[in-house]
Amino acid sequence: MTAHTPDHPIPILRLEGVCKAFNGHVAVDDVFLEVEMGQVVAIIGSSGSGKSTLLRCINLLDVPDSGRITVDGQPTHVQGGVSTRELMRLRRKVGMVFQSFNLFPHLTVLRNISFPQERVLGRSRVAADARSMALLERVGLTAKADSHPPRCSGGQQQRVAIARALALDPKIMLFDEPTSALDPELGLEVLAVMRQLADHGMTMIVVTHEIHFAADVADRLVVMAEGRIIEQGDPTSVINEPQVDRTRTFLSAIRDR
(Lines give C-alpha, C1' and ligand atoms only; values in the text may rest on other atoms or scores of the structure.)
Protein backbone atom coordinates (compact mmCIF):
# COMPACT_ATOMS: atom_id res chain seq x y z
CA MET A 1 0.00 0.00 0.00
CA THR A 2 1.20 3.53 -0.83
CA ALA A 3 2.86 5.39 2.04
CA HIS A 4 0.94 8.57 2.80
CA THR A 5 3.47 11.39 2.58
CA PRO A 6 2.90 15.02 1.47
CA ASP A 7 3.21 13.73 -2.09
CA HIS A 8 0.71 10.95 -1.33
CA PRO A 9 -1.92 12.44 1.01
CA ILE A 10 -4.36 10.35 3.01
CA PRO A 11 -7.33 9.62 0.72
CA ILE A 12 -10.77 11.04 1.46
CA LEU A 13 -12.16 7.65 0.34
CA ARG A 14 -10.61 4.21 0.56
CA LEU A 15 -12.24 0.93 -0.46
CA GLU A 16 -10.52 -2.25 0.70
CA GLY A 17 -11.64 -5.63 -0.60
CA VAL A 18 -15.24 -4.57 -1.18
CA CYS A 19 -17.47 -7.41 -2.40
CA LYS A 20 -21.19 -7.61 -3.12
CA ALA A 21 -23.26 -10.48 -4.50
CA PHE A 22 -26.96 -10.82 -5.30
CA ASN A 23 -28.48 -14.33 -5.29
CA GLY A 24 -25.10 -15.90 -5.91
CA HIS A 25 -24.13 -13.46 -8.68
CA VAL A 26 -21.01 -11.48 -7.80
CA ALA A 27 -21.66 -7.85 -8.76
CA VAL A 28 -18.60 -6.28 -7.10
CA ASP A 29 -15.54 -8.47 -6.66
CA ASP A 30 -12.73 -7.53 -4.27
CA VAL A 31 -12.45 -3.85 -5.23
CA PHE A 32 -9.64 -1.68 -3.87
CA LEU A 33 -9.84 2.03 -4.69
CA GLU A 34 -8.44 5.25 -3.22
CA VAL A 35 -9.67 8.75 -4.03
CA GLU A 36 -7.92 11.89 -2.81
CA MET A 37 -9.64 15.11 -1.79
CA GLY A 38 -10.60 17.17 -4.83
CA GLN A 39 -10.09 14.34 -7.34
CA VAL A 40 -12.61 13.49 -10.04
CA VAL A 41 -12.70 9.78 -10.81
CA ALA A 42 -14.73 8.55 -13.79
CA ILE A 43 -15.82 4.91 -13.98
CA ILE A 44 -16.68 3.27 -17.28
CA GLY A 45 -17.50 -0.26 -18.36
CA SER A 46 -20.13 -2.31 -20.16
CA SER A 47 -23.62 -2.86 -18.78
CA GLY A 48 -23.53 -5.25 -15.83
CA SER A 49 -19.86 -4.59 -15.05
CA GLY A 50 -20.66 -3.50 -11.48
CA LYS A 51 -20.26 0.27 -11.82
CA SER A 52 -23.59 1.32 -10.31
CA THR A 53 -23.44 -1.35 -7.62
CA LEU A 54 -20.01 -0.09 -6.59
CA LEU A 55 -21.42 3.43 -6.15
CA ARG A 56 -24.34 2.07 -4.13
CA CYS A 57 -21.87 0.18 -1.94
CA ILE A 58 -19.89 3.37 -1.27
CA ASN A 59 -23.10 5.09 -0.11
CA LEU A 60 -24.30 1.91 1.67
CA LEU A 61 -27.50 1.80 -0.34
CA ASP A 62 -26.27 -1.73 -0.98
CA VAL A 63 -24.32 -2.89 2.07
CA PRO A 64 -21.26 -4.86 0.89
CA ASP A 65 -20.89 -8.48 1.96
CA SER A 66 -17.29 -7.89 2.97
CA GLY A 67 -14.55 -5.31 2.93
CA ARG A 68 -14.03 -1.91 4.49
CA ILE A 69 -15.01 1.60 3.43
CA THR A 70 -13.14 4.55 4.93
CA VAL A 71 -14.52 8.06 4.38
CA ASP A 72 -12.65 11.08 5.70
CA GLY A 73 -10.53 8.88 7.95
CA GLN A 74 -13.46 7.01 9.55
CA PRO A 75 -13.68 3.31 8.64
CA THR A 76 -16.94 1.39 8.29
CA HIS A 77 -16.62 -2.38 8.67
CA VAL A 78 -19.53 -3.88 6.79
CA GLN A 79 -19.40 -7.50 7.97
CA GLY A 80 -22.42 -8.28 10.11
CA GLY A 81 -24.33 -5.24 8.90
CA VAL A 82 -24.04 -1.51 9.50
CA SER A 83 -25.61 0.37 12.39
CA THR A 84 -28.07 3.21 11.72
CA ARG A 85 -25.60 5.60 13.32
CA GLU A 86 -22.79 4.52 10.98
CA LEU A 87 -25.16 4.71 8.03
CA MET A 88 -26.20 8.28 8.83
CA ARG A 89 -22.62 9.34 9.53
CA LEU A 90 -21.41 8.07 6.17
CA ARG A 91 -24.34 9.46 4.18
CA ARG A 92 -23.81 12.89 5.69
CA LYS A 93 -20.42 12.86 3.96
CA VAL A 94 -21.35 11.15 0.70
CA GLY A 95 -23.99 12.67 -1.59
CA MET A 96 -25.45 10.82 -4.54
CA VAL A 97 -27.17 11.79 -7.78
CA PHE A 98 -29.01 9.05 -9.66
CA GLN A 99 -30.14 8.47 -13.25
CA SER A 100 -33.70 9.24 -12.15
CA PHE A 101 -34.20 12.52 -10.35
CA ASN A 102 -36.21 11.21 -7.34
CA LEU A 103 -37.72 14.63 -6.61
CA PHE A 104 -40.99 15.06 -4.71
CA PRO A 105 -43.49 16.14 -7.40
CA HIS A 106 -45.87 17.75 -4.88
CA LEU A 107 -43.18 20.00 -3.39
CA THR A 108 -41.71 23.09 -5.02
CA VAL A 109 -38.13 23.04 -6.24
CA LEU A 110 -37.15 25.13 -3.21
CA ARG A 111 -38.82 22.74 -0.75
CA ASN A 112 -37.22 19.73 -2.47
CA ILE A 113 -33.82 21.20 -1.58
CA SER A 114 -34.67 22.69 1.82
CA PHE A 115 -36.68 19.84 3.34
CA PRO A 116 -33.76 17.35 3.58
CA GLN A 117 -31.60 20.02 5.23
CA GLU A 118 -34.23 20.56 7.91
CA ARG A 119 -34.66 16.84 8.52
CA VAL A 120 -31.03 15.68 8.29
CA LEU A 121 -29.01 18.71 9.42
CA GLY A 122 -31.57 20.34 11.71
CA ARG A 123 -31.38 23.67 9.90
CA SER A 124 -34.18 26.15 10.37
CA ARG A 125 -36.44 26.74 7.40
CA VAL A 126 -34.98 30.22 6.93
CA ALA A 127 -31.39 28.93 6.94
CA ALA A 128 -32.27 26.01 4.69
CA ASP A 129 -34.05 28.25 2.19
CA ALA A 130 -31.08 30.62 2.10
CA ARG A 131 -28.72 27.74 1.36
CA SER A 132 -31.15 26.36 -1.25
CA MET A 133 -31.41 29.68 -3.08
CA ALA A 134 -27.62 30.02 -3.15
CA LEU A 135 -27.37 26.56 -4.73
CA LEU A 136 -30.16 27.26 -7.19
CA GLU A 137 -28.21 30.31 -8.30
CA ARG A 138 -25.13 28.13 -8.67
CA VAL A 139 -26.95 25.69 -10.99
CA GLY A 140 -28.76 28.48 -12.84
CA LEU A 141 -32.29 27.81 -11.60
CA THR A 142 -33.31 30.60 -9.23
CA ALA A 143 -36.29 31.35 -11.49
CA LYS A 144 -37.60 27.82 -10.86
CA ALA A 145 -37.62 28.02 -7.03
CA ASP A 146 -41.43 28.15 -6.78
CA SER A 147 -42.09 25.70 -9.62
CA HIS A 148 -42.92 22.02 -9.11
CA PRO A 149 -40.63 19.40 -10.69
CA PRO A 150 -43.15 18.28 -13.37
CA ARG A 151 -43.01 21.86 -14.70
CA CYS A 152 -39.24 21.58 -15.20
CA SER A 153 -37.33 19.92 -18.03
CA GLY A 154 -35.35 16.76 -17.37
CA GLY A 155 -32.09 18.70 -17.37
CA GLN A 156 -33.52 21.20 -14.90
CA GLN A 157 -34.76 18.40 -12.63
CA GLN A 158 -31.34 16.79 -12.61
CA ARG A 159 -29.73 20.11 -11.72
CA VAL A 160 -32.21 20.43 -8.84
CA ALA A 161 -31.21 16.93 -7.72
CA ILE A 162 -27.55 18.00 -7.75
CA ALA A 163 -28.39 21.11 -5.70
CA ARG A 164 -30.34 18.95 -3.22
CA ALA A 165 -27.34 16.66 -2.73
CA LEU A 166 -24.95 19.61 -2.35
CA ALA A 167 -27.23 21.21 0.24
CA LEU A 168 -26.22 18.56 2.79
CA ASP A 169 -22.57 19.66 2.47
CA PRO A 170 -21.08 16.30 1.47
CA LYS A 171 -17.34 15.67 1.26
CA ILE A 172 -17.82 13.41 -1.79
CA MET A 173 -20.38 13.42 -4.60
CA LEU A 174 -21.34 10.24 -6.42
CA PHE A 175 -22.98 10.47 -9.85
CA ASP A 176 -24.60 7.39 -11.38
CA GLU A 177 -25.02 8.00 -15.14
CA PRO A 178 -26.56 11.43 -14.44
CA THR A 179 -27.21 12.20 -18.13
CA SER A 180 -28.37 8.79 -19.35
CA ALA A 181 -32.09 9.65 -19.06
CA LEU A 182 -31.66 12.97 -20.87
CA ASP A 183 -31.41 13.91 -24.51
CA PRO A 184 -27.97 15.22 -25.52
CA GLU A 185 -28.83 18.93 -25.28
CA LEU A 186 -30.25 18.65 -21.75
CA GLY A 187 -27.37 16.38 -20.79
CA LEU A 188 -24.94 19.18 -21.63
CA GLU A 189 -26.65 21.40 -19.03
CA VAL A 190 -25.95 18.81 -16.34
CA LEU A 191 -22.37 18.18 -17.47
CA ALA A 192 -21.71 21.93 -17.35
CA VAL A 193 -22.75 21.99 -13.68
CA MET A 194 -20.53 18.98 -12.96
CA ARG A 195 -17.57 20.67 -14.66
CA GLN A 196 -18.18 23.69 -12.44
CA LEU A 197 -18.16 21.47 -9.33
CA ALA A 198 -14.89 19.90 -10.44
CA ASP A 199 -13.38 23.36 -11.03
CA HIS A 200 -14.32 24.28 -7.45
CA GLY A 201 -12.55 21.22 -6.03
CA MET A 202 -15.48 18.91 -5.26
CA THR A 203 -14.40 15.28 -4.86
CA MET A 204 -16.47 13.32 -7.37
CA ILE A 205 -16.89 9.74 -8.55
CA VAL A 206 -18.82 9.62 -11.80
CA VAL A 207 -20.19 6.52 -13.49
CA THR A 208 -20.61 7.70 -17.06
CA HIS A 209 -20.78 6.81 -20.71
CA GLU A 210 -19.64 10.34 -21.61
CA ILE A 211 -16.08 9.58 -22.68
CA HIS A 212 -15.36 13.18 -23.68
CA PHE A 213 -16.42 14.39 -20.23
CA ALA A 214 -14.18 11.76 -18.61
CA ALA A 215 -11.24 12.80 -20.78
CA ASP A 216 -11.72 16.53 -20.13
CA VAL A 217 -12.70 16.61 -16.45
CA ALA A 218 -11.59 13.42 -14.69
CA ASP A 219 -8.21 13.08 -13.00
CA ARG A 220 -8.43 9.30 -13.22
CA LEU A 221 -10.37 6.87 -15.39
CA VAL A 222 -11.36 3.50 -13.92
CA VAL A 223 -12.52 0.64 -16.16
CA MET A 224 -14.66 -2.16 -14.69
CA ALA A 225 -15.60 -5.59 -16.02
CA GLU A 226 -17.33 -8.47 -14.21
CA GLY A 227 -17.28 -6.58 -10.92
CA ARG A 228 -13.56 -5.88 -10.93
CA ILE A 229 -11.37 -2.90 -11.76
CA ILE A 230 -9.41 -4.10 -14.77
CA GLU A 231 -7.56 -0.88 -15.62
CA GLN A 232 -7.15 2.64 -14.30
CA GLY A 233 -4.97 5.66 -14.91
CA ASP A 234 -4.77 9.03 -16.61
CA PRO A 235 -7.90 9.31 -18.78
CA THR A 236 -6.06 10.29 -21.96
CA SER A 237 -3.63 7.39 -21.59
CA VAL A 238 -6.36 4.83 -20.85
CA ILE A 239 -8.51 6.05 -23.74
CA ASN A 240 -5.74 6.34 -26.32
CA GLU A 241 -3.45 3.53 -25.18
CA PRO A 242 -5.46 0.94 -23.22
CA GLN A 243 -3.34 -1.83 -21.76
CA VAL A 244 -6.09 -4.43 -21.39
CA ASP A 245 -7.94 -6.13 -24.25
CA ARG A 246 -11.33 -5.76 -22.52
CA THR A 247 -10.78 -2.00 -22.25
CA ARG A 248 -9.77 -1.80 -25.89
CA THR A 249 -12.86 -3.72 -26.99
CA PHE A 250 -15.19 -1.60 -24.86
CA LEU A 251 -13.76 1.71 -26.09
CA SER A 252 -13.96 0.53 -29.71
CA ALA A 253 -17.62 -0.34 -29.22
CA ILE A 254 -18.34 3.14 -27.84
CA ARG A 255 -16.57 4.85 -30.75
CA ASP A 256 -18.51 2.75 -33.28
CA ARG A 257 -21.94 3.80 -31.94
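This is a predicted model: local features need pLDDT of at least 70, side-chain atom pairs count only at pLDDT 80 or more; totals for chains, interfaces and linings use all residues.
Let me begin with a definition: a residue is called buried when its relative accessible area is under 20%, exposed when that area is over 50%, and partly exposed in between, using a 1.4 Å probe and protein chains only. By that rule His77 is partly exposed, because its relative accessible area is 45%.

Residues are numbered from 1 along each chain as its sequence is written, and side-chain values use heavy atoms, with hydrogens and water left out.

Let me stay with His77, which sits in strand β5; helices (H or I, at least four residues) and strands (E, at least two) are DSSP runs, numbered from the N terminus. If we set aside residues up to four places away in sequence, His77 touches Gly67, Arg68 and Glu86, where contact means heavy atoms within 4.5 Å. Pro64 is 13 residues from His77 in sequence, and their C-alpha atoms are 9.4 Å apart in space.

Now to a pair of helices. The axes of α5 (residues 154-166) and α6 (residues 184-199) come within 7 Å and cross at roughly 25°. That crossing makes α5 roughly parallel to α6, since angles under 35 degrees count as roughly parallel, over 145 as roughly antiparallel, 65 to 115 as roughly perpendicular and the rest as oblique. Axes here are lines fitted to C-alpha atoms, for helices over the stretch in contact, and angles run from 0 to 180 degrees between N-to-C directions.

Which residues of α5 meet α6? On the α5 side they are Gly154, Gly155, Gln156, Gln158, Arg159, Ile162 and Leu166, and on the α6 side Leu186, Glu189, Val190, Val193, Met194 and Leu197. Helix α6 also holds Ala192, which is partly exposed at a relative accessible area of 43%. The C-alpha atoms of Ala192 and Val139 are separated by 9.1 Å, although the two are 53 residues apart along the chain.

My last topic is charge. Side chains of opposite charge can pair when their charged atoms come close. A salt bridge is counted when a side-chain nitrogen of Lys or Arg lies within 4 Å of a carboxyl oxygen of Asp or Glu, and the count by this rule comes to 15 salt bridges.

One of them joins Glu34 to Arg14, with the closest N and O atoms 3.1 Å apart. Glu34 lies in strand β2 (residues 25-35) and Arg14 in strand β1 (residues 13-22), so this pair ties together parts that are 20 residues apart in sequence. Arg14 is buried, at 15% relative accessible area, whereas Glu34 is partly exposed at 26% relative accessibility.

Another joins Lys93 to Asp72, where the closest N and O atoms are 3.2 Å apart. Lys93 belongs to helix α2 (residues 84-93) and Asp72 to the loop between β4 (66-71) and β5 (74-77), so the pair ties together parts that are 21 residues apart in sequence.

How far apart are the closest N and O atoms in the salt bridge of Arg248 with Asp245? They are 2.5 Å apart, and both residues lie in helix α9 (residues 245-255), 3 residues apart, about one turn of the helix. Finally, salt bridges that share partners join Asp72, Lys93 and Lys171 into one network.
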